Amino acid sequence: MGAGGLRIEARGLAARRAGGGARILHGVDVDVPAGAVLAIAGPSGAGKTTLLGELAAGHPAGSIGFVPQDDIVHLDLSLSRTLIYAARLRLPARSSAGEVSAAVTRVLDALGLAATAGRRVGSLSGGERKRASIAVELLTRPRALFLDEPTSGLDPAAGARLMALLRGLARGGTTVVLTTHNPADLAHADAVAFLAAGRLLYRGEPAELAASFGVASIEEVYGIDPEDVPAAPALPPATAVDAGPAAPASAAPGAVRQWWLLTRRSAAILTRNRLSAAVVLGSPIMIAAMFAMLFRPHAFDPANDNPGSSAMIMFWIAFGAFFFGLTYGLLQICTELAIVRRERRTVLRLGPYLASKFTLLLPVLADADALLLAVLRATDRLPAATLSVYGSLLLTAVLASAAALTLGLLASAAVSDPSQATLMLPLLCFPQVLFSGAFVPVPQMGAVGSAISWAMTNRWAYEALGRGIGLDGLWAHGSSPLGPPLLASYGGTFTGSATAGWAWLGGYALLFLAGAWAVLARKCRRR
């Protein structure tokens, strides 16, 4: 599959934990001939994954493939559709549909996956998903393939089949370097590098591993105290090696094309996951219905004896828009972080990636906000007003949803898995309720609470909605004696136009989007 295997050489590799912490690797020497299989073995915490990453670093992205331990394929798409999107991202921008299809067919056939091409990836067995992840990397015909624990989680038979497949790739010219904690995998390798506590204790043929430590089996090697064994002898200095013909330079898809491909892929994933689609479509309907049941009609009638209910309706519209955006954004990145990291090693640009999430979901959120306003108006929970008034309300709600969506994307990028994202939901919602200025008006807050309210997007949405609907005029001219005291408690909160609130919401959306980009960039750095 490779255009001539790549020789992998390294001398004196050393690495420390992030921030200058403890050493992970201590002067490791490795030399892997082109077209060979090297297995990096050792107990947990030995530094295997770190060594794999160091060996992969420094090579042009198109010349190598890297398969992390996590699946790097979307589970909700069919295998063929997953590979088509991956090919369109990785292959030259001018590749035709026929060339993309040919690349997909080639890797499916090579990995014995042709019969599963039409099946949803999530329905494949563990071994089939591992091969699917490898298939993604073989689309560009890499000269070397790096795999982190490829047999992890597989039963012995499936693990043996996968190792035999990797052995076959090496015979075809692709250099293979992998980590493993399974002694049975070593028999399929040409050479073993055995690590313990970051030190290379053995470098050589698998058959000689146990004897070199004076034990009867490979399993016993894992129990040896590394302090009792000298490090493997250093290799002679690296010599200049003919790297073989360089891969022809090719133009990767540009930013706009990446955005379009990623948007289509995200849309396909969303529509093929029935639960996600049901939540996206059903939650606005359910929330709008609850709002209609919660409030009495005619809340904005000047003769209404409880003008405070109009303020609560404005708050819950603001919070509904915030909730829609936050929940839609929270699971967008953390569920595919392994895929993003891998694609970032090759061609993925974070700007188009984040833009694809934003532009896909914002129209959905705008429809949800419009539905909420329409239901409340139809049930007389909002007053009759001009189109310009409702245009102002809708713009405010959409901007509130946009700010919340980008906050959700930022949180999704910051956490490690979906369970953490779920825990973030109440932590992000409660401050937006408490410091919005609805239950305790901003002029009545303490100094600290008032300062915190400036950072709450819900405050600016609430104020813009109140200004757009004219709460100050309603309370000042209404017949209820509660109006003037209520107006006094809010001070100038609802005085003026909604444009200031729009500016704050738009600014926060840009800030959160930039934050999501920065967090993702840090997480996707090579280790």
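I began with Arg-264 and found this residue in helix α8, where helices are DSSP runs of H or I with at least four residues and strands are E runs of at least two, numbered from the N terminus. The model is predicted, so that local features need pLDDT of at least 70 and side-chain atom pairs count only at pLDDT 80 or more, while totals for chains, interfaces and linings use all residues. Residues are numbered from 1 along each chain as its sequence is written, and side-chain values use heavy atoms, with hydrogens and water left out.

I noted that Arg-264 counts as partly exposed because its relative accessibility is 33% (buried is under 20%, exposed over 50%, partly exposed in between, with a 1.4 Å probe and protein chains only). On the surface, Arg-264 gathers with Arg-81, Arg-257 and Arg-272 in a patch of positive charge (residues with over 30% relative accessible area and no salt bridge, like charges being joined within 9 Å; a salt bridge puts a side-chain nitrogen of Lys or Arg within 4 Å of a carboxyl oxygen of Asp or Glu). Helix α8, residues 255–272, gives the most to this patch, with 3 residues.

I then turned to strand β3, residues 37–41, and found 5 of its 5 residues buried. Val-37, Ala-39 and Ala-41 point one way, whereas Leu-38 and Ile-40 point the other way.

For pairing (at least two DSSP bridges between two strands), I recorded that β3 runs parallel to β6, residues 175–180, over 5 bridges, with Ile-40 opposite Thr-179. Strand β7, residues 191–196, is also parallel to β3, joined by 4 bridges, and there Leu-38 has Ala-191 as its bridge partner.

Key: Patch = residues over 30% accessible without salt bridge, like charges linked within 9 Å, V, L, I, M, F, W, Y side chains within 5 Å. Areas by Shrake-Rupley, 256 points an atom, 1.4 Å probe, with all protein chains shown as cover. Lys, Arg positive; Asp, Glu negative; His and termini not counted. Charge placed at Lys NZ, Arg CZ, Asp CG, Glu CD.
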